[in-house]
Amino acid sequence: QRNSRGGQGRGVEKPPHLAALILARGGSKGIPLKNIKHLAGVPLIGWGLRAALDSGVFQSVWVSTDHDEIENVAKQFGAQVHRRSSEVSKDSSTSLDAIIEFLNYHNEVDIVGNIQATSPCLHPTDLQKVAEMIREEGYDSVFSVVRRHQFRWSEIQKGVREVTEPLNLNPAKRPRRQDWDGELYENGSFYFAKRHLIEMGYLQGGKMAYYEMRAEHSVDIDVDIDWPIAEQRVLRYGYF
């Protein structure tokens, strides 16, 4: 029972500490300092940070970086900064490595909402719904997906005499788009997970759920889009 009178505070349960964490290395194989390059007038990490801060569901909002300029931008947007070690800042380092290091320094954090810096069309309402899934519905991990209507075929190696096979359709009965639900794909926008899972080496596991984002919000600059197209998408569908 929560104590509503304030008195001694007995029986008041402290809510689990949910921290937003954006990973933003200085090194980039593509665009130098891409994480703070301006996209539609805002540094790239600023889009995710604004959505996280305005959602109101995080006890703390962090950027993990190894670079002074990224640190300065993160602080301008109101985030706290975790200076990551060179050990987890290499090209070969994984997101999980950096998140585990962050948790090692922040014992107060119970749940991490890892938000991808390169997904600028994330909205606070998405984050609010996911936080509710974790806190109210008891999920251990929730990650973002997008629905796609794409037919897949088996790949044939060069020089091999084989025929391609359909993987998710019957060519004799090709469904119309409106008659087919499509398939769910990770869009990489965010991964929420409880500490015990992350410490076991998982961002997805336990009681697990996906959160389906709208297709127009599923912009991933790393994967499938170039800067001018991304700017148009953000101007139309981004969170201002």
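Guide: Contact means heavy atoms within 4.5 Å. This is a predicted model, where local features need pLDDT of at least 70 and side-chain atom pairs pLDDT 80 or more, while totals for chains, interfaces and linings use all residues. Residues are numbered from 1 along each chain as its sequence is written, and side-chain values use heavy atoms, without hydrogens or water.

Visitor: Which residues does Glu71 touch, leaving aside those up to four places away in sequence?
Guide: Glu71 sits in helix H2, residues 68-76 (helices are DSSP runs of H or I, at least four residues; strands of E, at least two; numbered from the N terminus). Beyond those sequence neighbours, Glu71 touches Thr65, Val81 and Arg83.

Visitor: Is Glu71 buried or exposed?
Guide: The relative accessible area of Glu71 is 15%. Buried means under 20%, exposed over 50%, partly exposed in between (1.4 Å probe, protein chains only). Glu71 is therefore buried.

Visitor: Which residues of H2 are buried, and within what arc do they fall?
Guide: Ile70, Glu71, Val73 and Ala74 are the buried residues of H2. Seen down the helix axis, they line one face because they fall within an arc, taken from the axis to the C-beta atoms, of 165°.

Visitor: What covers the buried residues of H2?
Guide: Glu71 is one of those buried residues. The cover includes helix H1 (44-55) and the strands S3 (42-43), S4 (60-65) and S5 (80-83).

Visitor: Which residue with positive phi follows H2?
Guide: H2 spans residues 68-76. With a phi near 95°, the residue that follows H2 is Gly78.
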